[in-house]
Amino acid sequence: MGYNIAIITHNTLEAIGIKHILEESFASSAHIYACAGEIPEHLNAVYDYFFCDTECFASALDFFLPRKQKLIMVGSARNENNPATFISKYDDESTIIDKINTLFSDAKLKTRETQTELSQRETDVLRLIASGMMNKEIADNLGISINTVLTHRKNLTAKLGIRSVSGLSFYAMMNGIIAPK
């Protein structure tokens, strides 16, 4: 395959493990950085993918949001409803390799661009869900019924394939709908 990949994390051991998997299993060239600011400007366009942990992502949104089509997040969530571009650091090696292989072979990062767009109202509901509001609060805030809120939530789940509030919040943060707290 031979991808050129930047790994951005403060956790050196985690970075070395990801680098090993990428180089040994995917014949890729991986480079480790403690933060996005360490990547030389002239190399930004060279990288095919960026692997980063949630802490580095949250601290460098201006860097990562324009590159979200090339971004693979590494975090501690164990939930099966995580977005396709999220790898749990608690997965075993074969699961991580399978997930990366799926990401690379299916080109899911590239097809996210053509994903069904959210309506303005769905985006409003998503923003309020991600900010921690309950259905009744969302309905009151937007001046709509609770049933309409539930319909929008159902549509969000169908369009995005994400069912959990944490997954929806992560999606909203990745797509610039909300800023991290």
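## Helix α8

Helix α8 is followed by Gly161, a residue with a positive phi, near 70°. The model described here is predicted.

The helix covers residues 146–160, and its end C-alpha atoms lie 21 Å apart. That agrees with expectation, because 15 residues at 1.5 Å a residue should span 21 Å.

Val149, His152, Leu156 and Leu160 are the buried residues named for α8. They cover an arc of only 60° around the axis, so they sit on the same side of the helix. Asn147, Lys154 and Ala158, on the other side of α8, are exposed.

The cover over the buried residues of α8 includes three helices: α6 (120–130), α7 (135–142) and α9 (165–174).

In strand β1, 5 of the 5 residues are buried. In a regular strand, side chains alternate between the two faces of the sheet. In β1 both faces are covered: Asn4, Ala6 and Ile8 are buried on one side, and Ile5 and Ile7 are buried on the other.

β1 pairs with strand β2 (residues 29–33) in the parallel sense, over 5 bridges. Within this pairing, Ile7 has Ile32 of β2 as its bridge partner.

## Asn4

Asn4 belongs to β1, which runs over residues 4–8. Its relative accessible area is 16%, so Asn4 counts as buried, the cut-off being under 20%. The side chain of Asn4 makes a polar contact with the side chain of His31, at 3.3 Å.

Apart from neighbours within four places in sequence, Asn4 is in contact with Ser29, His31, Val46, Tyr47, Asp48 and Tyr49.

## Cysteines

How many disulfides does the model contain? The count is 0. A disulfide would need a pair of cysteine sulfur atoms within 2.5 Å. For Cys52, the closest cysteine sulfur is that of Cys56, 6.4 Å away, which is too far for a bond. For Cys56, the closest cysteine sulfur is in turn that of Cys52, so the 6.4 Å separation is again too far for a bond.

Are Cys52 and Cys56 buried or exposed? Cys52 counts as buried, because its relative accessibility is 1%. Cys56 is also buried, with a relative accessible area of 1%.

Technical notes: Residues are numbered from 1 along each chain as its sequence is written. This is a predicted model: local features need pLDDT of at least 70, side-chain atom pairs count only at pLDDT 80 or more; totals for chains, interfaces and linings use all residues. Side-chain values use heavy atoms; hydrogens and water are left out. Helices (H or I, at least four residues) and strands (E, at least two) are DSSP runs, numbered from the N terminus. The expected span of a helix is 1.5 Å times one less than its number of residues. Buried means under 20% relative accessible area, exposed over 50%, partly exposed in between (1.4 Å probe, protein chains only). The arc is that of the directions from the helix axis to the C-beta atoms. Contact means heavy atoms within 4.5 Å. A polar contact is a pair of N or O atoms within 3.5 Å; within protein, one must be able to donate a hydrogen and the other to accept it, and residues adjacent in sequence count only if both atoms are side-chain atoms. Two strands pair if DSSP finds at least two bridges between them.
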